[in-house]
Amino acid sequence: MSVAFVPDWLKGKAEVNQETIQRLLEENDQLIRCIVEYQNKGRANECVQYQHVLHRNLIYLATIADANPTSASKAME
């Protein structure tokens, strides 16, 4: 299960740090590899479930980035 899926009772309590973001990026890398592999094998149904998880992870990362606009600009410097 994706690290982006947090039970309701834990929402807002999880600390978003560099390690969490790195784990999500690594998970996204694996998801993309699986999607490509299944696409090459013609197994579209399996692709869809991984694409949904990837989409949710990307939305979660975008939400974090939007919530911390100053840290994103500092990282680019």
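How many residues has H1, and how far does H1 reach from its first C-alpha to its last? H1 has 23 residues and reaches 33 Å between those two atoms, close to the 33 Å expected at 1.5 Å a residue, where the expected span of a helix is 1.5 Å times one less than its number of residues. The views below show a predicted model, in which local features need pLDDT of at least 70 and side-chain atom pairs count only at pLDDT 80 or more, while totals for chains, interfaces and linings use all residues. Residues are numbered from 1 along each chain as its sequence is written, and side-chain values use heavy atoms, with hydrogens and water left out.

**View 1. Overall fold and confidence of the predicted protein.** The secondary structure comes to three helices and zero strands, and the pattern read along the sequence is α-α-α; helices (H or I, at least four residues) and strands (E, at least two) are DSSP runs, numbered from the N terminus. The mean pLDDT of the protein is 81, and 73% of the residues score at least 70, pLDDT being the predictor's confidence in each residue, from 0 to 100. Confidence is highest in H1, at 94, and lowest in helix H3 (residues 69-76), at a mean of 59. Where pLDDT is low, the predicted coordinates should not be read in detail. The protein exposes about 6,000 Å², of which carbon and sulfur atoms supply 55%; accessible areas come from the Shrake-Rupley method with a 1.4 Å probe, and for residues only the protein chains shown count as cover.

View 2. Of the 77 residues of the protein, 19% count as buried, where buried means under 20% relative accessible area, exposed over 50%, and partly exposed in between (1.4 Å probe, protein chains only). In H1 the buried residues are Thr20, Leu24, Glu27, Asn28, Leu31, Ile35 and Tyr38, and what covers them includes H2. In H2 the buried residues are Cys47, Val53, Leu54, Asn57, Leu61 and Ile64, and these pack against H1. The 24 residues of H2 should span 34 Å at 1.5 Å a residue, and the end C-alpha atoms of H2 are 34 Å apart, which agrees. Among contacts (heavy atoms within 4.5 Å) in the protein between residues at least 6 apart in sequence, 57% join residues at least 24 apart.

**View 3. The largest nonpolar core.** Six residues make up this core, namely Leu31, Ile35, Tyr38, Cys47, Val53 and Leu54; a nonpolar core is a set of buried Ala, Val, Leu, Ile, Met, Phe, Trp, Tyr and Cys residues joined through side-chain atoms within 4.5 Å. Helix H1 (18-40) and helix H2 (44-67) are the elements that give two or more residues to this core. Leaving aside its neighbours within four places in sequence, Leu31 is in contact with Tyr50, Val53, Leu54 and Asn57.

**View 4. The one aromatic pair of the structure.** The structure holds one aromatic pair, a term that applies to rings of Phe, Tyr and Trp (its six-membered ring) if their centres lie within 6.5 Å, with planes under 30 degrees apart counted as stacked, over 60 as edge-to-face and the rest as tilted. The rings of Tyr38 and Tyr50 have their centres 5.7 Å apart and their planes at 10°, so the pair is stacked. The two residues link distant parts of the chain, with Tyr38 in helix H1 and Tyr50 in helix H2, 12 residues apart. Tyr38 counts as buried, at 17% relative accessibility, whereas Tyr50, at 23% relative accessibility, counts as partly exposed.

View 5. Arg33 lies in helix H1 and is exposed, with a relative accessible area of 51%; the C-alpha atoms of Arg33 and Tyr50, 17 residues apart along the chain, are separated by 10.0 Å. Glu37, also placed in helix H1, is partly exposed at a relative accessible area of 41%, and its C-alpha lies 8.7 Å from that of Cys47, 10 residues apart in sequence. In helix H2, Gln49 counts as partly exposed at 45% relative accessibility, and its C-alpha is separated by 9.9 Å from that of Leu31, 18 residues apart along the chain. Leu58 is found in helix H2 and counts as partly exposed at 45% relative accessibility, while Leu58 and Leu24 are 34 residues apart in sequence and 8.7 Å apart in space, C-alpha to C-alpha.
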